[in-house]
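Where do the charged side chains of this structure pair up, and how do such pairs tie its parts together? Let us follow them one by one.

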Amino acid sequence: MSQIGRLVVLGVLLAAGPARAEEATSLSAEDYERVIARLREDHEREIEDLRQESRDRFTALEREVERLGGPPPTAPDVGSPRLSDALPTLSLRGFGHLQGDWERSASRSGPDEDTTTHFTDGGVDLFITSQINDRTSFLNETVFEFGDEGENILDVERVMLKIDIRDYLNVAVGRGHTALGYWNQRFHHGTWLQTTTDRPILYRFEDDGGILPVHFVGLDLSGVLDLRIGTFSYTANFANGRGDIPDFVQLIEDENDSKMMSFMWSYEPTEGTGIGFAVLRDQIPGDSTLGPERAHAIDELIYGPHLWFVEDPIELIAETLFVKHDDHTSDEDFMHYGGYVQLGYRFRDVIPYYRFDFLNMKSGDPFYYEYSGGVQVGPLDGVEDTLQHTVGLRYDYTTYLAFKVEFRSAMARSQRDNGGTIQASFAF
Amino acid sequence: MPHPRSSRLRAVAILRAAGLGLAPRGGEGEIVAIVHPSNPIAELSSRDIGRIYMIRKRSWDDGSLIRIVLPPAGSPASLELGRRVFGKGEQAMSTYYLKSIFRQRIAAPPERATSTADAVSAVASDPAAIALASRADVAGAAAVRIVPIDGF
């Protein structure tokens with residue numbers, strides 16, 4: 001009788017109870033004891049067989065290791081805990097950068113001109129990861145940086161608990177990078193990761209004049225489907241969405257019931273080549289205390305394609321995103337768009353690169369204005385039509401330490417900016 | 001930035017088909033995969049190896065999570081893995097895994113065997129493990145099963 005069959009008989013007997021089992025099968029108490037004893041013997045024999053098989057395998061392994069000249073292996077311990085039972089692993093890594101900047105700004109409508117040079121301690125981006133069990137991992141990215149007045153700033157940038165269910169479905173919850181496009185998924189706070197010293201204008205952070213919700217708080221679903229013609233991957237977010245101003249990432253509450261939904265897919269015929277598309281929908285809550293222009297909600301739709309060809313020695317990345325705001329206060333629509341093309345070519349440890357950034361903002365969108373005391377003050381700093389050229393050189397001094405020299409020339413609606421940066425960025 | 005190159009794998013496969021491969025299949029220098037004897041996988045392609053070692057394919061067909069064992073640093077298997085899958089060698093492999101941690105594909109880099117014997121030991125004790133080694137180093141091993149890699 002098979003193991004399962006015996007267990008079923010035993011289960012039936014036990015479920016019926018000894019008395020009823022005796023009745024139903026005409027088994028005496030002695031017969032019942034014999035069945036139990038027989039089952040116990042069978043189990044013990046099978047356990048001994050398994051032990052013998054394990055010993056045989058270990059003996060074979062010992063012989064092979066001896067032949068290969070390696071250290072003696074440890075005996076297989078059938079009772080040793082799997083990862084799911086073991087203590088969670090924890091690792092701490094990080095990124096940092098130090099840089100010197102030169103900037104010259106000139107107003108396009110007057111004689112105002114300003115030149116500054118300064119060194120910047122870019123702070124430290126600490127990265128904690130933990131494998132909680134076989135399929136569950138935790139990630140925390142916290143940035144320690146300095147404000148304009150030299151004050152310490154602590155930014156918890158990412159906190160994600162992720163469960164790997166299958167290749168095609170991973171579920172994560174927490175604060176992370178919104179599924180918007182290539183840059184936002186591949187690079188973020190560690191400048192060592194990216195070729196350039198700074199992010200594209202399109203992907204500036206929310207607290208740095210950025211027009212996009214690059215962070216989210218909520219649910220993240222992602223997966224990969226690997227086919228012969230290439231790899232399809234997706235990332236979807238279901239999250240709190242934006243607050244009433246661009247800099248407000250809603251961490252612990254949501255000012256409206258509407259949730260932000262985003263979906264990004266990409267197709268990669270080879271690992272370093274791909275195209276993709278992202279779409280995001282949200283409703284930005286109204287807030288009349290800011291000013292009468294923000295009395296009602298704004299419907300937001302963001303969408304756009306991205307492509308990349310990052311196969312050594314070439315790096316080519318291009319993205320465009322359109323941001324459409326339907327303002328319920330003024331009943332006006334505002335369409336903004338931005339993007340960039342970045343090209344680099346590696347010569348051994350040196351990568352010369354060029355990037356073209358563009359940002360086109362339709363004027364009058366109340367969301368991208370500053371407010372003070374219930375009055376609209378003016379457009380947010382840096383959120384205006386801009387064309388920027390960036391040229392630079394990255395030198396990988398060691399695998400985890402890079403030096404970069406970069407020059408930028410930007411023409412915005414209100415001013416011209418020229419600048420340069422020398423940066424040391426590293427991972428540790 | 002260095003990046004893995006599946007197209008390079010194809011190029012290697014073409015070279016091999018033309019008889020220009022560096023480690024001909026069946027030769028002692030051939031790089032093979034080793035898995036637990038209970039693993040039913042019959043063969044692997046160079047693309048499969050790329051997917052597994054680049055954390056794109058994370059589970060076997062039965063759903064169990066693949067445990068990656070990296071070959072010993074500096075070994076022929078490690079050099080070939082770095083060159084053919086990660087494009088620029090062992091260092092590119094380390095960089096790739098660091099970026100994968102940043103993207104939360106993995107929480108820590110895969111374990112690296114200290115010797116071929118260590119790799120054999122790791123695979124022999126875990127039905128979900130896979131390692132790479134030179135065929136000559138693992139020929140005749142009974143505690144693990146050798147799986148040839150097509151095009152590698």
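Asp126(B) is buried, with a relative accessible area of 13%, where buried means under 20%, exposed over 50% and partly exposed in between (1.4 Å probe, protein chains only). This is a predicted model, in which local features need pLDDT of at least 70 and side-chain atom pairs count only at pLDDT 80 or more, while totals for chains, interfaces and linings use all residues. Residues are numbered from 1 along each chain as its sequence is written, chains are lettered from A and ligands numbered from 1 in the order in which they are written, and side-chain values use heavy atoms, with hydrogens and water left out.

The partner of Asp126(B) is Arg67(B), which it meets in a salt bridge of 3.1 Å, N to O, that is, a side-chain nitrogen of Lys or Arg within 4 Å of a carboxyl oxygen of Asp or Glu. Because Asp126(B) lies in the loop between α5 and β5 of chain B and Arg67(B) in strand β3, the pair ties together parts that are 59 residues apart in sequence; helices (H or I, at least four residues) and strands (E, at least two) are DSSP runs, numbered from the N terminus.

A second salt bridge in chain B links Glu30(B) with Arg135(B), their closest N and O atoms being 2.9 Å apart. Glu30(B) is buried at 1% relative accessibility, whereas Arg135(B) is partly exposed at 24%.
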